[in-house]
Amino acid sequence: METLYSLSWLTTIAGGLLFWLIEGRIPFFSSPGTRGNHAKMNLSIAGINLLILLPGSIALSFALEHAKPYWSGVRALDISPLAQTVLIVVLIDLWMYTWHRFNHISEFLWRFHAVHHSDPSLDVTTAWRFHYVEILFSELLRFPVFILIGASIQDLLLYSMIMTPIIEFHHSNIRIPSAVDRMLRLIVPTPLMHRLHHSAIRAEHDTNYGSMLSLWDRLFGSYLVKKDISDIAIGLTNESDSDKQRVPALLLRPFNN
Ligand SMILES: [Zn+2]
């Protein structure tokens with residue numbers, strides 16, 4: 001467990017630093033302002049959130065351990081331990097997709113999630129920019145959901161070890177050849193997909209909710225890609241929030257690429 005804990009921190013920090021260096025060399029958006037000040041702002045927000053996340057994960061670990069004798073969830077299935085772990089990791093990712101989508105559907109939750117979308121320049125540090133109330137709700141909901149799935153704290157650490165570098169990657173401002181992005185998005189949400197998710201246009205930012213797998217967006221009709229996003233406006237404008245009419249996700253060409 002200590003190894004998994006160290007590894008999840010290692011992949012988070014190493015991934016963050018690596019993508020920060022690459023986006024400095026080959027940025028997609030030119031002149032994103034002062035990178036240092038932008039990072040300082042987003043990492044300060046992340047620092048506040050750690051005050052919720054760290055005690056939250058200790059409490060969650062305690063709750064999952066104590067729920068185990070009463071409810072096994074996926075661990076009760078007659079499949080190999082490896083298959084159970086894979087299924088749990090996939091189900092955790094499905095929950096992340098669902099929770100993210102709720103944050104866009106509910107006007108109440110959107111008020112907090114909008115802080116993430118309000119970043120006017122998208123880079124790897126945006127992956128850590130969340131309102132603390134969103135973090136608090138997300139942390140509280142993990143208790144019933146993960147108990148229901150039958151996840152252990154080791155499963156969560158494994159998920160975080162894989163998922164965190166992926167979310168750092170798709171937030172990063174790296175210029176990636178479109179053929180490479182097309183291949184990668186068969187499995188994971190890519191920078192192109194996630195830039196559309198940070199578009200100021202609501203019909204675009206109500207798409208591409210995936211964290212680790214792009215599968216859910218394809219499956220549930222929220223997948224959107226465009227050939228050319230060079231003129232995309234990132235962030236939120238007055239129009240973004242006044243346009244309360246949601247475009248049904250299925251109209252957004254779910255399987256185009
Ligand atoms: Zn979002």
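Trainee: Okay, a residue counts as buried if 20 or more other C-beta atoms lie within 10 Å of its own. With that in hand, is leucine 64 buried or exposed?

Mentor: Leucine 64 has 21 other C-beta atoms within 10 Å, so it is buried. Keep in mind that this is a predicted model.

Trainee: Which helix is leucine 64 found in?

Mentor: Leucine 64 sits in helix α2.

Trainee: And what is leucine 64 in contact with, leaving aside its neighbours within four places in sequence?

Mentor: With those neighbours set aside, leucine 64 contacts Phe146, Ile147, Ala151, Ser152 and Ile153. Take isoleucine 153: it is 89 residues from leucine 64 along the chain, yet their C-alpha atoms are separated by 7.0 Å.

Trainee: Let's zoom out to whole helices. At what angle do the axes of α2 and α5 cross?

Mentor: The axes of α2 and α5 cross at roughly 10° and come within 10 Å. That angle is why α2 counts as roughly parallel to α5.

Trainee: Who makes that contact?

Mentor: On the α2 side it is Ile48, Asn49, Ile52, Leu53, Gly56, Leu60, Ala63, Leu64 and Ala67, and α5 brings Tyr132, Ile135, Leu136, Glu139, Arg142, Phe143, Phe146 and Ile147. Sorted by class, the contact of α2 with α5 has 13 nonpolar, 2 polar and 2 charged residues.

Trainee: What about tyrosine 132, what does it touch, not counting residues up to four places away?

Mentor: Tyrosine 132, which is in helix α5, touches Ile48, Asn49 and Ile52 on that count. Tyrosine 132 and isoleucine 48 are 84 residues apart along the chain, with 7.3 Å between their C-alpha atoms. Tyrosine 132 has 15 C-beta neighbours inside 10 Å, so it counts as partly exposed.

Trainee: Switching to α3. Which residues of α3 are buried?

Mentor: Quite a list: Ile88, Val89, Leu91, Ile92, Asp93, Met96, Tyr97, His100, Asn103 and His104. What covers them includes α4, α5, α6 and α10.

Trainee: How far apart are the end C-alpha atoms of α3?

Mentor: They are 36 Å apart, and at 1.5 Å a residue the 25 residues of α3 should span 36 Å, so the two agree.

Trainee: Then α3 against α4, what's the crossing angle there?

Mentor: Roughly 105°, with the axes of α3 and α4 coming within 6 Å. The pair is therefore roughly perpendicular. Phe102, Asn103 and His104 of α3 meet Leu109, Trp110 and His113 of α4. By class, that contact has 3 nonpolar, 3 polar and no charged residues.

Trainee: Nice. Which residues touch the most other members of the largest nonpolar core?

Mentor: Ile88, Ile92, Ile149, Ala151, Tyr159 and Ile166 do, in a core of 29 residues. The elements giving two or more residues to this core are α2, α3, α5 and α6. Helix α6 gives the most, with 8 residues.

Trainee: What does isoleucine 92 touch, not counting residues up to four places away?

Mentor: Isoleucine 92 touches Ile149, Ala151 and Tyr159. There is also a second, separate core of 6 residues, which includes Leu192, Tyr223, Leu224 and Val225.

Trainee: Since α6 came up, at what angle does it pack with α1?

Mentor: About 0°, with the axes of α1 and α6 9 Å apart. The two are therefore roughly parallel to each other. Among the residues in the contact are Leu4, Tyr5 and Leu7 of α1, and Gln154, Leu157 and Leu158 of α6. By class, the contact has 9 nonpolar, 8 polar and 1 charged residues.

Trainee: And which residues of α1 are buried?

Mentor: Gly15, Gly16, Phe19 and Glu23. What covers the buried residues of α1 includes α6.

Trainee: Last one: where does glycine 235 lie?

Mentor: Glycine 235 lies in the loop between α10 and α11. With 15 other C-beta atoms within 10 Å, glycine 235 is partly exposed. Aside from neighbours within four places in sequence, glycine 235 is in contact with His117, Ser118, Asp119, Pro120 and Ala200.

Technical notes:
Residues numbered from 1 in each chain as written. Predicted model: local features only at pLDDT ≥ 70, side-chain atom pairs only at ≥ 80, totals over all residues. Axes fitted to C-alpha atoms, helices over the stretch in contact; angles between N-to-C directions. Helix = DSSP H or I, 4+ residues; strand = E, 2+ residues; numbered from the N terminus. Parallel < 35°, antiparallel > 145°, perpendicular 65-115°, else oblique. Contact = placed C-beta atoms within 7 Å. Nonpolar A, V, L, I, M, F, W, Y, C, P; charged D, E, K, R; others polar. Core = buried A, V, L, I, M, F, W, Y, C linked by C-beta atoms within 7 Å. Buried ≥ 20, exposed ≤ 12 C-beta atoms within 10 Å, placed from the backbone. Expected span 1.5 Å × (residues − 1).
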